[in-house]
Each structure stands twice: as structure tokens, then as C-alpha cells.
Amino acid sequence: MSVGKGNNSENPEIDLLTVFSKIGDFFEWINTLLFRAIRFFVKNVIAVVVLAVIGVGGGYFLEKVSPRFEQKIIVEPNFKSTDYLYSKINFLEDKITSKDTLFLKSIGIQNPSGIRSITIEPIVDIYNLMNKDGKNIDLLELMAQNGDIKSIVKETTTSKNYVLHTIIINTAAIVSAQNCIEPILKYLNSSAYYEAYKKINSQNIQNKIKSKEATIAQIDGILNQFSGPYGNHANSEKLIYYNENLNLDGIVKTKDSLSAQIGTLKIEQYNTNKIIKEKGIVLNLKDHKAIRGKLTLILPLLFIGLFVFFSLFNSFYKKQSLKVKANLE
């Protein structure tokens with residue numbers, strides 16, 4: 001029993017020695033690997049330098065001969081036409097991907113082969129989505145219970161409820177609004193259903209404006225009756241309030257309110273004069289996304305990486321071939 005206890009007391013020391021030995025072997029392996037890597041690059045320094053120069057030159061050349069530009073259109077879909085807008089953009093993307101230049105030319109695009117892609121994404125505005133009275137707060141909280149709120153606000157179903165959206169067009173050359181942007185916007189606004197909807201909406205707004213203007217005219221008539229007797233002198237154009245007969249102060253406030261409402265209606269009329277209303281256009285931004293603008297760094301690393309891979313593969317193949325021959329002999 002005493003011998004057993006002695007063996008147990010020595011086990012922790014043996015385990016620690018084994019661990020330290022393994023750690024030492026690991027660092028030795030790292031040192032060996034590092035040395036071999038350095039020796040490999042020193043041995044092949046000329047090939048590595050040549051590949052790096054070719055990669056930098058090739059990347060610079062590709063970026064110069066095949067530049068890409070980004071066009072952005074900020075739009076607001078009116079009359080609940082967001083789904084219609086997204087389906088139209090997806091349709092255009094399919095036509096661009098399939099290189100259907102005949103269709104693209106038919107809608108007025110002058111150089112359809114120069115368009116690489118067209119996409120759309122929402123401008124995330126969570127505060128507008130929740131509305132001023134907070135009706136959507138509970139809905140968002142409920143949706144966020146089963147997922148991350150950041151992913152929820154960018155999810156497709158949620159994103160279509162935002163007011164503004166950005167159409168992104170990637171082109172191979174500089175474009176103008178006349179030969180690219182305007183034809184696309186005209187195509188997006190070509191819908192018989194929404195065109196009829198727009199006319200009805202515009203007429204309704206105009207009727208509201210006329211009604212409110214008529215009410216303001218009546219108020220002006222009432223005010224003129226009270227101010228008339230005192231308007232004979234140039235310096236006596238002040239309005240006299242007869243609060244005991246009529247609340248003229250309330251009438252004036254009503255007039256101001258109606259004037260503000262008319263102003264709001266006119267802005268709404270302007271914002272809804274198109275099915276898809278453009279809010280801003282930015283043309284010919286140099287595209288630096290993804291690997292664009294980084295080819296002078298990526299190509300050298302790619303070429304050197306391929307050279308290292310094939311060298312290691314060749315070395316491995318030769319060693320295995322020698323082993324096979326040795327076993328056969």
C-alpha cells in the first residue's frame with residue numbers, strides 16, 4: 001500500500017515533465033518550420049521577386065483597363081409600390097445578367113453592355129419605421145425576441161417598409177444621367193395601374209387644397225367685415241377683435257392652420273408626382289469595393305502563394321516516389 005502511494009505521488013511530476021517536453025518539441029517544430037520557410041524564400045528569391053513584380057504590374061494594368069463606376073439613385077416608392085419597385089429591379093438585373101441588350105436598348109439605355117449590375121437596398125431608418133406614435137415598437141420588440149435586432153431591421157420583409165431606398169448601378173465606364181439613369185427611372189415609372197393611382201391621388205390632393213383655399217377665402221371675408229370700418233386711414237389697418245361677438249382669435253388661428261395644411265399638401269403633391277420619386281442622384285463614383293482597387297496587392301500574394309503550393313506539392317511527390325521505389329526494391 002505504501003508503494004502504491006509513493007507511485008501516485010510521483011505521477012504529477014512525471015506528467016509535468018511530459019508536458020514541458022511536449023511544449024519544447026512544439027517550439028522546436030516551429031523553429032524548424034520557420035527556418036525551412038526562410039531557406040525556401042532565400043533559395044527562390046529571384047522567382048519570388050519576379051512573381052511579385054508581375055503581380056503588381058498585372059494588378060495595376062487590370063485596374064486601369066477595366067475600371068468600374070458606381071451610380072446611386074435614392075428613391076421613394078409611392079402608393080405602396082415598394083414590392084413593385086423591387087420586382088422591377090430584379091427583372092432588370094436578370095436582363096443585365098443574361099446580356100439582353102435588345103431589351104435594355106428598347107427602354108432607352110444607350111450603352112447596355114457597359115452596365116455590370118443593378119441592385120437595390122433600403123436606407124435603414126428605424127425611427128421612421130416605428131412611426132411618431134410608436135405603433136411599430138411592440139412589433140419590433142416581438143420580432144427581436146427570436147433574433148438579433150440588427151438582422152431584423154435589415155431583413156427583407158422589414159426593409160421594404162422603409163421610406164427611402166438606394167438603387168445601385170455598376171458600370172464599366174462613366175455614364176450620364178441622360179443615357180443611363182433617366183431611361184431606368186422612366187422604365188420604373190411605367191405602370192398603368194400605378195399611373196391611374198397617381199392621377200386619382202393627385203386629384204384628391206388638389207380637391208383638398210381647393211377646399212381649404214375656399215375656407216380661407218371665407219375667413220378673409222369675415223375678417224374684412226370687421227376690419228373694413230377701420231380701414232379708411234392708411235395707418236389704421238390693424239385688426240380689431242370683438243371677442244364678445246365672435247372669437248376672431250380662433251378664426252385667425254384656423255386660417256393659419258389651414259395655410260400650413262395647404263403647404264403640406266403641396267409638398268405631398270410634389271413628392272407623389274411620380275410612382276418612383278427620385279430624391280437624389282450620385283454619378284460615377286469609383287468602385288473600390290471587394291477586390292476592386294486592391295489587385296496590386298492581391299495578385300502578387302496569389303502568384304507567390306501558388307508558387308509555394310506547387311513547390312511543396314512537387315517536393316512531396318518526389319519524396320513519396322522515392323519511398324515507393326525503396327519499398328519495391
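How many nonpolar, polar and charged residues are in the lining of the largest pocket? I looked this up first.

**Basis.** I am working on a predicted model, where local features need pLDDT of at least 70, side-chain atom pairs count only at pLDDT 80 or more, and totals for chains, interfaces and linings use all residues. Numbering runs from 1 along each chain as its sequence is written, and side-chain values use heavy atoms, without hydrogens and water.

**Largest pocket.** I took a pocket as an open set of points on a 1 Å grid over the protein atoms alone, where a 1.4 Å probe fits, with protein on both sides within 12 Å along at least five of seven lines; lining residues have an atom within 4 Å of a point. The lining has seven nonpolar, three polar and four charged residues. Its volume, the space filled by probe spheres set on the points, is about 490 Å³. Of the 14 lining residues, Arg36, Arg39, Phe40, Leu312 and Ser315 lie nearest the centre. H1 (2-43) and H12 (295-328) each supply at least two lining residues; H1 gives the largest share, seven. Helices are DSSP runs of H or I with at least four residues, and strands are E runs of at least two.

**Second largest pocket.** I noted about 210 Å³ here. The lining includes Pro77, Phe79, Lys80, Asp83, Lys160 and Tyr162.

**Helix H9.** In H9 (177-188), I found Ala177, Cys180, Ile181, Pro183, Ile184, Leu185, Tyr187 and Leu188 buried, that is, under 20% relative accessible area with a 1.4 Å probe, protein chains only. Their cover includes strands S1 (69-77) and S4 (276-286).

Technical notes: Buried < 20%, exposed > 50% of the residue type's maximum accessible area, 1.4 Å probe, protein only. Contact = heavy atoms within 4.5 Å. Nonpolar A, V, L, I, M, F, W, Y, C, P; charged D, E, K, R; others polar.
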